[in-house]
Amino acid sequence: MKHLKRTASFLLALTLTLPLFGCDAPKGTLTLTDQAGRTVTIEKDPEAIVSGYYISTSMLLALGEKNHLVGIESKAETRALYPAVGLDLSIGGYGTKKAFETEKAALLQPDLIILPYSLKQSADEISAVTGAPVLVVNPESDPLMQEALSLLAEATGTQEKAKELTNYVDEAISKVQTLESTPSVYLAGSDLLRTAGSKMYQSTLIQNARTVNVASSISDSSWANISYETLLSYQPDYLILSSACPLSVEEVLSDKNLAALSAVQTGNVRKMPSLYEAWDSPVPAAFLGSLWLASVCHAEYPVSAFEQTAEEFYRLFYGI
Amino acid sequence: MNKLLQITDLSCAYRPDRPILKGVSLLIERGEIVGLLGLNGSGKTTLFRCILGTLPYKGSVLFEGNPLGKNASKAIGYIPQGTSVPSLSVLDFVLLAFYDELPLFASPTKEQKERAKAMLEEVGIAYAEEDCASLSGGERQLALLARTFLRPCPLLVLDEPDASLDARNKKRVLGLLKRKIKEENRAALLSLHDLTFALNYCDRLLLLKDGMIYADFSPKDTPLEEMERILSVYGKMKIGMLHGEKDLFAVAAEDV
Amino acid sequence: MKARSFLIAALCLLAVTISLFVGKYPLTLEGIFSDPVQQSVFLRLRLPRTLVALFGGFALGLAGYVFQTIFHNDLASPDVVGVSSGASVGAAFAILFLGSSALLITCSAFLGAVLVLFLTLFLSSLQKNRGKATIVLAGIAVHALAQTALTALKLEADPERELASIEYWLMGSLNDVTLTTLPSLLPVVLLVSALLFALYRHVLVLTLDDTEATLLGARVKGTRWGLLLLATLLVASVISVTGLVSFISLLAAHVAKLLVRRHNRTLFLLSGLAGGILLLFADCLTRLTAAELPVSVFTSILGAPALLVLLGRKQHE
């Protein structure tokens, strides 16, 4: 069911942009609508792209646009992915979710700039100053992530690759959906007592692993803080620590306040690994988080299947 | 030591070009009730502040021959004009008299409470548990007096103690003051506006004019015309004697 | 008077009982004795949380009373000397640079709160006029400084994690209270409260104006600083554990004054109890929603209108 929805929204996004081809646009350009609702005209096949957000950078790399990246976001040195794909870290430092280095970027004379949604207010101004078109992406949920991917594919003319990637992911996920049981999972975010409610992206990750989010009664659209008691009343089958959580599995298992938790008693506490990237944010490889989770929670889905898929995915789409 | 307060050549100015006190000298001895007279703004409160040490001044203020310094609280009991009282019970308020006699973590002792209650009775305040903030002006002054009397300070300084009192309370408050001063051989310096009262009540009167003690006289020993002349700063007046049970002074303004 | 004290004691008992039985994990009276899981939840989580709410609120109430009495102002609270801002800076600093250990955050927040008090008192001592108003003005300056530092720290913080942690801390909650939290809070609160009760006489003398107090032999400046330090220690010990809790310090003494008008040890005690009851009820409310809201949401919702009503009544008197 999920993968149908994904393909549908991808095709929908694609068809939405088709009518604009018939308009009066000069040759060699495209008119797109970005995820901030802005109508943007860009030149086809941009060769100098600045990506101010790690998620769009990852997407562009997956779409094979490595050689067209001339600038990427700040703190690039913290991303294990970039050295692995052979990306020159000196192109980092062009902005964060809070602010974009407009003047620095202008020096590069880019053909295209990608910004996170948090900077949507400054998008037009940045475009005016740098003389480059700006696309705003907002990949904060599963369907939105698909939209972002197809937008970037459209902009860079890599729709084929995008389709390949989406199909790959859909197929991998569908293999998990046929599993029988639906164990419950508690996902700890940057703190043991911080979790994601049903409206958050991480909830989709849990669902895709054919597991149930115990915190789905929480409807906050950002991380929610709970108490030990709430966690105890959830009694999840599995307690999963996200890769951002500073605690280790041992620390959780020895926390006396969790002694009454069945997941602790049976040792069903795991920390989400990260291979090149953390999978609990909407990067293209995020589905691997679901696969890993499935391999933990379902005996029928072996770890080897997950490991194989992970290795294959990065080889196919990132060349690692 | 009989000489309680000795002030020599005291000068004080809030601003360098406008001195308020220009060389005040006075002496107060035990057993005396000294009244300080002067027009509004003549510097009476300023003089009190200098005595207490809360204003800088030139000259000397000696208490029993020594400068006051940190010991002002043991030497002088000061009752300022129109204080607001906090919301304490009268007893607690009066018990603050013993504040500096107790060690850090102690509370007032039973003996101190007894003394306080006795003093309240003597002063005429009926209910020790009454909230200070709900006392009338007169009762407030009485409470302040009670507290001050519980302290060992030999010199009491009062800034217009009769200001907001009706005639009966005035008698009560000042009568009590006089009695205690004489009984315990203390002394009092008080500023007054009511001239009749001043003449009848005080042993000595000081007139503060132009920043100096213009006159220092004892009503009983000074001829009436002399006093009329001294007090003409207040305007022309007539001073007479009323003969009854006691001989009393009476003051009337002439040019009303 | 006796009847009123009884009322407060009863209310306190009620608040404690409710707090012991309200929570996400269902507890029953027999369950606590029979089921080891329930026992663990009760002893490790529910009971400590109730104690922190009770004693934390108590401490905040006492501190509020001391500040209002010393500054002769019904709207005074420990924030006047910038305690909350100092604690915030300490906590933010710890969250950013010292990792997320709860104990480190607590210590850092505590240090921040106390340092800010010293800074305020130091600044005020540089002025010739050593009165109450000078302390307040110095407090305003230091508060502004602390807020700037806090903003700088927030800008440094990663919006996904650290910033969220800082914001949550700033809103205050008793969510993370466990058995191991108690030693950080209870001993200090009990000790300092006892000290303040023993030193109550000195609070009383400061109800007079400075000249009057000095003439009774009080060392006004030293006494004021000493009492402010003790009250600040009380507040710091609580908010370093719970984060910023609004209104309790401000409100508690006013509530107590509904029962006892005059300044005496009973009023002081009642201020503490009122604070404890307020925080207990507010904290119980936080446990009712799916994602637990910060406790300041409820102290503000209840506190702001309550304060307006109480101050309005005072005007009419």
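This is a predicted model: local features need pLDDT of at least 70, side-chain atom pairs count only at pLDDT 80 or more; totals for chains, interfaces and linings use all residues.

**Nonpolar cores**

The largest nonpolar core holds 179 residues, and A:Leu239 and B:Leu177 touch the most other members of it. Helix 3 of chain C, residues 36–70, gives this core its largest share, 16 residues. Apart from this core lies another of 67 residues, including A:Ala172, A:Val185, A:Trp292 and A:Tyr301. In soluble globular proteins, nonpolar side chains tend to be buried together.

When residues up to four places away in sequence are not counted, B:Leu177 touches B:Leu145, B:Phe149, B:Leu156, B:Leu158, B:Leu190 and B:Tyr201.

**Chain pairs**

Which chains have the most contacts between them? Of the 2 pairs of chains that touch, chains B and C have the most contacts. Chain A and chain B are joined by no contact, and their closest C-alpha atoms lie 42 Å apart. The size of an interface is often given as the accessible area lost when the parts come together. The table sets out this area for the two interfaces of chain C.

| Interface | Buried area | Given by carbon and sulfur atoms |
|---|---|---|
| Chain C and chain A | about 2100 Å² | 54% |
| Chain C and chain B | about 2100 Å² | 61% |

**Chain C with chain A**

Contact between chain C and chain A is described by the following features. In chain C, the residues that lose the most area to chain A are C:Tyr25, C:Arg44 and C:Leu45, together 21% of what that side buries. The rule finds 1 salt bridge across this interface of chain C and chain A. C:Arg46 forms a salt bridge with A:Glu229, with the closest N and O atoms 2.5 Å apart. There are also 11 residue pairs in polar contact across the interface of chain C and chain A, both residues being at pLDDT 80 or more.

On the side of chain C that touches chain A, helix 3, helix 6 (132–156) and helix 7 (162–171) of chain C each supply at least two residues. Helix 3 of chain C contributes the largest share of that side, 6 residues. By residue class, the side of chain C that touches chain A divides into 11 nonpolar, 5 polar and 9 charged residues.

Helix 7 of chain C has as its buried residues C:Leu163, C:Ser165, C:Ile166, C:Tyr168, C:Trp169 and C:Leu170. Their cover includes strand 8 (194–195) and strand 10 (224–225) of chain A, together with helix 4 (83–97), helix 5 (102–125), helix 6 and helix 11 (220–242) of chain C. Just after helix 7 of chain C, C:Gly172 adopts a positive phi of about 80 degrees.

**Chain C with chain B**

Across the interface of chain C and chain B, the rule finds 2 salt bridges. C:Arg262 forms a salt bridge with B:Glu129, where the closest N and O atoms are 3.7 Å apart. Between chain C and chain B, 10 residue pairs are in polar contact, both residues being at pLDDT 80 or more. Helix 8 (182–198), helix 9 (200–205) and helix 10 (210–215) of chain C each supply at least two residues of the side of chain C that touches chain B. The residues of that side divide into 9 nonpolar, 8 polar and 6 charged.

**A buried loop residue in chain B**

B:Val85 is placed in the loop between strand 6 (76–79) and helix 3 (90–95) of chain B. Why does B:Val85 count as buried? B:Val85 counts as buried because its relative accessibility is 14%, where buried means under 20%. Not counting residues up to four places away in sequence, B:Val85 touches B:Phe93, B:Cys132, B:Ala133 and B:Arg140. B:Val85 and B:Leu47 are 38 residues apart along the chain, and their C-alpha atoms are separated by 24 Å.

Methods. Residues are numbered from 1 along each chain as its sequence is written. Chains are lettered from A and ligands numbered from 1 in the order in which they are written. Side-chain values use heavy atoms; hydrogens and water are left out. A nonpolar core is a set of buried Ala, Val, Leu, Ile, Met, Phe, Trp, Tyr and Cys residues joined through side-chain atoms within 4.5 Å. Buried means under 20% relative accessible area, exposed over 50%, partly exposed in between (1.4 Å probe, protein chains only). Helices (H or I, at least four residues) and strands (E, at least two) are DSSP runs, numbered from the N terminus. Contact means heavy atoms within 4.5 Å. Buried area is the accessible area (1.4 Å probe) that two parts lose on being put together, summed over both. A salt bridge is a side-chain nitrogen of Lys or Arg within 4 Å of a carboxyl oxygen of Asp or Glu. A polar contact is a pair of N or O atoms within 3.5 Å; within protein, one must be able to donate a hydrogen and the other to accept it, and residues adjacent in sequence count only if both atoms are side-chain atoms. Ala, Val, Leu, Ile, Met, Phe, Trp, Tyr, Cys and Pro count as nonpolar, Asp, Glu, Lys and Arg as charged, and the others, Gly among them, as polar.
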